[in-house]
Protein chains: 4
Amino acid sequence: MSDVVTVRGFVASEVKTILTEQGWPVASFRLGSTERRYDRTKSQWVDAGTNWYSVSMFRGLAQNASCSVVKGERVIVTGKLKLRQWVNGERRGIAPEIDAEAVGHDLFWGTAKFKRTTHTFE
Amino acid sequence: MSDVVTVRGFVASEVKTILTEQGWPVASFRLGSTERRYDRTKSQWVDAGTNWYSVSMFRGLAQNASCSVVKGERVIVTGKLKLRQWVNGERRGIAPEIDAEAVGHDLFWGTAKFKRTTHTFE
Amino acid sequence: MSDVVTVRGFVASEVKTILTEQGWPVASFRLGSTERRYDRTKSQWVDAGTNWYSVSMFRGLAQNASCSVVKGERVIVTGKLKLRQWVNGERRGIAPEIDAEAVGHDLFWGTAKFKRTTHTFE
Amino acid sequence: MSDVVTVRGFVASEVKTILTEQGWPVASFRLGSTERRYDRTKSQWVDAGTNWYSVSMFRGLAQNASCSVVKGERVIVTGKLKLRQWVNGERRGIAPEIDAEAVGHDLFWGTAKFKRTTHTFE
């Protein structure tokens, strides 16, 4: 019963990559997805709020994304939504995250050249 | 570019209904969706975190849900995910919400008798 | 890499139930989902094609659905899309199917009374 | 009530592009999505059927995809599922199609360089 989402949005940070103790790459970036709705009063499309996510990627996807995804680009992300609850002293809150199954540049907004890779850790 | 989700979960509050100034019903309830994952060490399925949402319903759906959905029941909800940002003095946070397009009892967990309704405000 | 869909539609056949050799119920019904689009020429919403599916359900969901779902009712179905290819002599074609994870009455269209069940075969 | 899907798969044809009478590009390619399931008998993952789609793209997305997507590549596609019914003399059948909202290379499988474009017809 995972909550799966597909989100189209813009990359709002550089991709940050770390290695786990096992030597596997884990990468993440900040994703913003802005809803558009038609305003009848203005007779034009307007922004109607932005959803912010932290996108987490693992192993091959992490490595490929860190070579490919740049701040400001448009992407499609599909994966499990996790609304993590955090506590820090007296403060607490919710950190929305997508554990990405796949990430790709959104060709609605531009062109891309693809190059297949092979990773030995998978 | 709305972020659409389908969530299976349990109803964690009674359904609360209000009327707008126009006389349209708006209803909401709290929804919990718990991920299950297989723990190889224990050789059994274990809970792996719960996503909490406020589910919002409008007009006919609001009215029908308020007559049908009871705390503790299992439901399917599909709609737009909104990660609303709130500010209250110095504190601020994120309130995950689903603007429901449809809600239904999850027949994986039980049986249901359905009865069609007509609403004049739609 | 399953192709998951959530479909809102109408039940176009009675629910048919069989028992497997192991004694597990398997049920199915025909589901139609009609797209609506706004016709600017007519200034009204019009039908824009219907997707037809065979919905398959297993075990507890099969048993509950067979007691609950009636031809003509409105439902939400979420599950794996399978575009099965069939061959019959010289003829062949595609049979779209949804292996349902969950099914529920669509409360946009009516009210429902839910009753929890327990099944021993799960 | 459109049936929206997100599909990860492989491009099984070249991208074919035509221009409408209005001069807008329309492009399409064949997409295969193979389900994988774990076979306990063999203790390994095996293929469990392939869903085949025709993916349709319009305007800017059509133009960008025709410059970017090559037969054999891995992609993510999200859009409206249409199970079109065709008749040809005495024969008839179903042609599954995705009216793509977005298409992107699947970075699980490789790297990509993205370049933003501007199209005047949008």
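These are my notebook entries on chain contacts and a few local details in a predicted model.

**Entry 1: how chain D relates to chain A**

I began with the superposition, and found that chain D can be laid on chain A by a turn of 180 degrees and a shift of 0.0 Å along the axis, with an RMSD of 0.0 Å. I noted this as the relation of a two-fold axis. I then looked up which residue of chain D comes closest to the rotation axis, and the C-alpha of D:Gly104 does so, at 2.3 Å. The same surface serves both copies, since I find that 100% of the contact residues of chain D recur in chain A.

**Entry 2: extent of the D–A interface**

I next looked up the residues involved, and 32 residues of chain D are in contact with 32 residues of chain A. The area buried between chain D and chain A comes to about 3100 Å², and carbon and sulfur atoms give 56% of that area. Which residues of chain D lose the most area to chain A? I wrote down D:Leu107, D:Thr111 and D:Phe114, which together make up 24% of what the side of chain D buries.

**Entry 3: polar and charged links between D and A**

I looked up two salt bridges between chain D and chain A. For D:Arg8 I recorded a salt bridge with A:Glu101, in which the closest N and O atoms are 2.9 Å apart.

I then asked where in chain D the touching residues sit, and the elements that give two or more residues to the side facing chain A are strand S1 (4-11), helix H1 (59-68), strand S5 (74-88), strand S6 (91-105) and strand S7 (110-116) of chain D. The largest share of that side, seven residues, comes from S7(D). By class, I have 12 nonpolar, 11 polar and nine charged residues on the side of chain D that touches chain A.

**Entry 4: strand pairing across D and A**

What is the bridge partner of A:Phe114 in S7(D)? I found D:Ala112 in that position.

**Entry 5: the C–B interface**

I turned to chain C and chain B, where the contact takes 32 residues from chain C and 32 residues from chain B. The buried area between them is about 3100 Å², with 56% given by carbon and sulfur atoms. In chain C, the residues that lose the most area to chain B are C:Leu107, C:Thr111 and C:Phe114, and together they account for 24% of what that side buries.

The count of salt bridges between chain C and chain B is two, and I noted that the side chains of C:Glu101 and B:Arg8 meet in a salt bridge at 2.9 Å, N to O. I have 17 residue pairs in polar contact across this interface, both residues being at pLDDT 80 or more. At least two residues each are supplied to the side of chain C that touches chain B by strand S1 (4-11), helix H1 (59-68), strand S5 (74-88), strand S6 (91-105) and strand S7 (110-116) of chain C, and S7(C) gives the largest share, seven residues. I divided that side by class into 12 nonpolar, 11 polar and nine charged residues.

Strand S7 (residues 110-116) of chain B runs antiparallel to S7(C), and seven bridges join the two. Within this pairing I looked up B:Lys113, which stands opposite C:Lys113 in S7(C).

**Entry 6: salt bridges, and one inside chain A**

Over all chains, I have 28 salt bridges in the structure. I picked out the one between A:Arg8 and A:Asp106, whose closest N and O atoms are 2.8 Å apart. This pair links distant parts of the chain, as A:Arg8 lies in strand S1 (residues 4-11) of chain A and A:Asp106 in the loop between strand S6 (91-105) and S7 of chain A, 98 residues apart.

**Entry 7: the surroundings of A:Ser13**

Last, I looked up A:Ser13, which lies in the loop between S1 and strand S2 (16-19) of chain A. Setting aside neighbours within four places in sequence, I find A:Ser13 in contact with A:Phe29, A:Arg30 and A:Lys71. A:Ser13 and A:Phe29 are 16 residues apart in sequence, while their C-alpha atoms are 5.7 Å apart in space. For A:Arg30, I noted that the backbone nitrogen lies 3.0 Å from a polar atom of the side chain of A:Ser13.

Conventions
Residues numbered from 1 in each chain as written. Chains lettered and ligands numbered in written order. Predicted model: local features only at pLDDT ≥ 70, side-chain atom pairs only at ≥ 80, totals over all residues. Heavy atoms only, no water. Least-squares fit on C-alpha atoms with pLDDT ≥ 70 in both. Contact = heavy atoms within 4.5 Å. Buried area = accessible area lost by both parts, 1.4 Å probe. Salt bridge = Lys/Arg side-chain N within 4 Å of Asp/Glu carboxyl O. Helix = DSSP H or I, 4+ residues; strand = E, 2+ residues; numbered from the N terminus. Nonpolar A, V, L, I, M, F, W, Y, C, P; charged D, E, K, R; others polar. Pairing = 2+ DSSP bridges. Polar contact = N/O pair within 3.5 Å; in protein donor to acceptor, adjacent residues only side chain to side chain.
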